[in-house]
Amino acid sequence: MTEFEERLERAIARGQKHRVDRDRAEAEAALTEEELRRRHGDFRLQLSEHVEQCLAQLPNHFPGFQYAPVASDRGWGAAVSRDDVAVRRDGRANLYSRLEMTVRPFASIGVLEVSARGTIRNKEVFNRNYYQKLAEVDLDTFFETVDLWVLEYAQHYAAQTG
């Protein structure tokens, strides 16, 4: 066997050892489903509380909006909504506005997900989702995303309603 062949075999052996070590470390770091459920529950509580706090402020700035907490099969969070009536030449029209944000229930894919749907005067202005793997969640990023969506909805609503 030549010197190069010996070096090649040693390099291959090192690569295989590195792969085995990496796989072992990943297996140890991987979260069990129960740990994922617990993490999701902790994050969900904090995030849904933040959603509720943000949305509860909208009725203070836009009278007529009604605040309601949300707990359904779609998730936990909050919603604000209002019904308006517009008088037109051809009759009356009901105009519905709503912003709902929820933290999705735990799913086996192992992510924390927040979703938002915003409607102003019967027109959907956005439908958004944001998620991160549970093992890599940065709650500050979720809080900033929720804040941004609420601010964006408020800006759209103020621009479309005199």
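Tutor: Two strands are said to pair if DSSP finds at least two bridges between them. Strands (E, at least two residues) and helices (H or I, at least four) are themselves DSSP runs, numbered from the N terminus. The model is predicted, so local features need pLDDT of at least 70 and side-chain atom pairs count only at pLDDT 80 or more, while totals for chains, interfaces and linings use all residues. Residues are numbered from 1 along each chain as its sequence is written, and side-chain values use heavy atoms, with hydrogens and water left out.

Student: Which residue in β2 stands opposite Ser72?

Tutor: Strand β1 (residues 66-72) runs antiparallel to β2, and 7 bridges join them. In β2, the residue facing Ser72 is Gly75.

Student: How many bridges join β2 to β3?

Tutor: A hairpin through 2 residues leads from β2 to β3. Ser81 stands opposite Arg98 in β3, and Val85 stands opposite Asn94 in β3. Strand β2 (residues 75-88) and strand β3 (residues 91-103) run antiparallel, and the number of bridges joining them is 13.

Student: Which residue in β4 stands opposite Met101?

Tutor: Strand β4 (residues 111-120) pairs with β3 in the antiparallel sense, over 6 bridges. Within β4, the residue opposite Met101 is Ala116.

Student: Near what value is phi of Asn122?

Tutor: The loop between β4 and β5 (123-133) contains Arg121, and Asn122 is placed in the loop between β4 and β5 as well. Phi of Arg121 is near 50 degrees, which is positive although the residue is not glycine. Asn122 is also a residue other than glycine with a positive phi, here near 70 degrees.

Student: Are Arg121 and Asn122 buried, partly exposed or exposed?

Tutor: Buried means under 20% relative accessible area and exposed means over 50%, with partly exposed in between (1.4 Å probe, protein chains only). Arg121 has a relative accessibility of 33%, and Asn122 has one of 45%. Because these values lie in the intermediate range, both residues count as partly exposed.

Student: How many salt bridges does the structure hold?

Tutor: A salt bridge places a side-chain nitrogen of Lys or Arg within 4 Å of a carboxyl oxygen of Asp or Glu. One of them joins Asp42 to Arg38, with the closest N and O atoms 3.4 Å apart. The total for the structure is 8.

Student: By about how much of the helix are Asp42 and Arg38 separated?

Tutor: Asp42 is partly exposed, at a relative accessible area of 38%. Because Asp42 and Arg38 are 4 residues apart in helix α2 (residues 33-61), their separation is about one helical turn.

Student: Which residues form the negative surface patch?

Tutor: Patches are made of residues with over 30% relative accessible area and no salt bridge, like charges being joined within 9 Å and nonpolar side chains (Val, Leu, Ile, Met, Phe, Trp, Tyr) within 5 Å. Asp and Glu count as negative, Lys and Arg as positive, and His and the chain ends are not counted; a charge is placed at NZ of Lys, CZ of Arg, CG of Asp or CD of Glu. Glu3 lies in helix α1 (residues 3-29) and is exposed, at 58% relative accessible area. The negative patch is made up of Glu3, Glu5, Glu6 and Glu9.

Student: About what area has the nonpolar surface patch made by Phe4, Leu8 and Ile12?

Tutor: Accessible areas follow the Shrake-Rupley method with a 1.4 Å probe, and for residues only the protein chains shown count as cover. Phe4 is located in helix α1 and counts as exposed at 55% relative accessibility. The patch of Phe4, Leu8 and Ile12 has an area of about 300 Å².
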